[in-house]
Amino acid sequence: MDNKSTEQAVVLTGGCLCGAIRYQVSAAPFDADYCHCVQCQKSSGAVFQAWMDFKLEQISWLAGAVTEYASSEHVLRGFCAQCGCTMSYRDRRYPDYYTLTIASLDKPSSVKPNYHIYTQNQVSWLNIVDDCQRYQYQRSS
């Protein structure tokens, strides 16, 4: 029997707090991380943000659309205009990739981050015990 016929497509679904935005992803993320940078802290109101990365064509928007804010020269941060929920991150230098918040998944436990970035900004009282690689700034290529 052909392996391809027995493989099942990964489908992840998610959306914002109020339900105005819904999405579906046709594959597992190719990467996922915890970001402790100041911009993620400020934009989410949390001490870190957990992200998952996809190729743009793997994401289907089922309802609504994110409103984007240019938080820096290259970065657009997406949120729901109705409830304010943080949803996405796009770097204009990499137009084929799209990043979504893990917490926006219907089942956030289905994706586990692989590493931490910008740990120099991690708040002193937060102790995350895991085996993920840590980077003081961004992860080098």
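1. **Ground rules.** Because the model is predicted, local features need pLDDT of at least 70 and side-chain atom pairs count only at pLDDT 80 or more, while totals for chains, interfaces and linings use all residues. Residues are numbered from 1 along each chain as its sequence is written, and side-chain values use heavy atoms, with hydrogens and water left out.

2. You will find an open sheet of 8 strands with mixed pairing, in the order 6-7-8-9-4-3-10-11. Strands here are DSSP E runs of at least two residues, helices are H or I runs of at least four, and both are numbered from the N terminus. Two strands count as paired if DSSP finds at least two bridges between them. The edges are held by strand 6 (67-70) and strand 11 (133-134); each has a single partner strand, so one side of each lacks a neighbour in the sheet.

3. **The strand 6 end.** Strand 6 pairs with strand 7 in the antiparallel sense over 4 bridges, and Thr67 stands opposite Phe79 in strand 7. These two strands form a hairpin with 4 residues between them. Strand 7 also runs antiparallel to strand 8, joined by 5 bridges, with Arg77 having Tyr89 of strand 8 as its bridge partner.

4. **How enclosed is strand 7?** Buried means under 20% relative accessible area, exposed over 50%, and partly exposed in between (1.4 Å probe, protein chains only). Of the 5 residues of strand 7 (residues 75-79), 4 are buried, so the strand is largely enclosed by the rest of the structure.

5. **Salt bridges.** How many salt bridges does the whole structure hold? The search finds 5, each being a side-chain nitrogen of Lys or Arg within 4 Å of a carboxyl oxygen of Asp or Glu. One of them joins Arg90 and Glu68, with the closest N and O atoms 2.7 Å apart. Arg90 lies in strand 8 (residues 86-91) and Glu68 in strand 6, so the pair ties together parts 22 residues apart in sequence. Both are partly exposed, Arg90 at 28% and Glu68 at 31%.

6. **Two long-range pairs.** Asp31 forms a salt bridge with Arg139, at 2.4 Å between the closest N and O atoms. Asp31 is in strand 3 (residues 31-35) and Arg139 in the segment after strand 11, so this pair ties together parts 108 residues apart in sequence. Asp31 is buried at 11%, whereas Arg139 is partly exposed at 35%. Arg22 and Asp106 also meet through their side chains in a salt bridge (2.7 Å, N to O). Arg22 sits in strand 2 (residues 22-25) and Asp106 in the loop between strand 9 (97-101) and strand 10, 84 residues apart. Arg22 is partly exposed at 25%, as is Asp106 at 42%.

7. **Gln41.** Where does Gln41 sit? Its place is in helix 2 (residues 38-44), and at 17% relative accessibility Gln41 counts as buried. Leaving aside residues up to four places away in sequence, Gln41 touches His36, Ala46, Val47, Phe48, Asn121 and Val123, where contact means heavy atoms within 4.5 Å.
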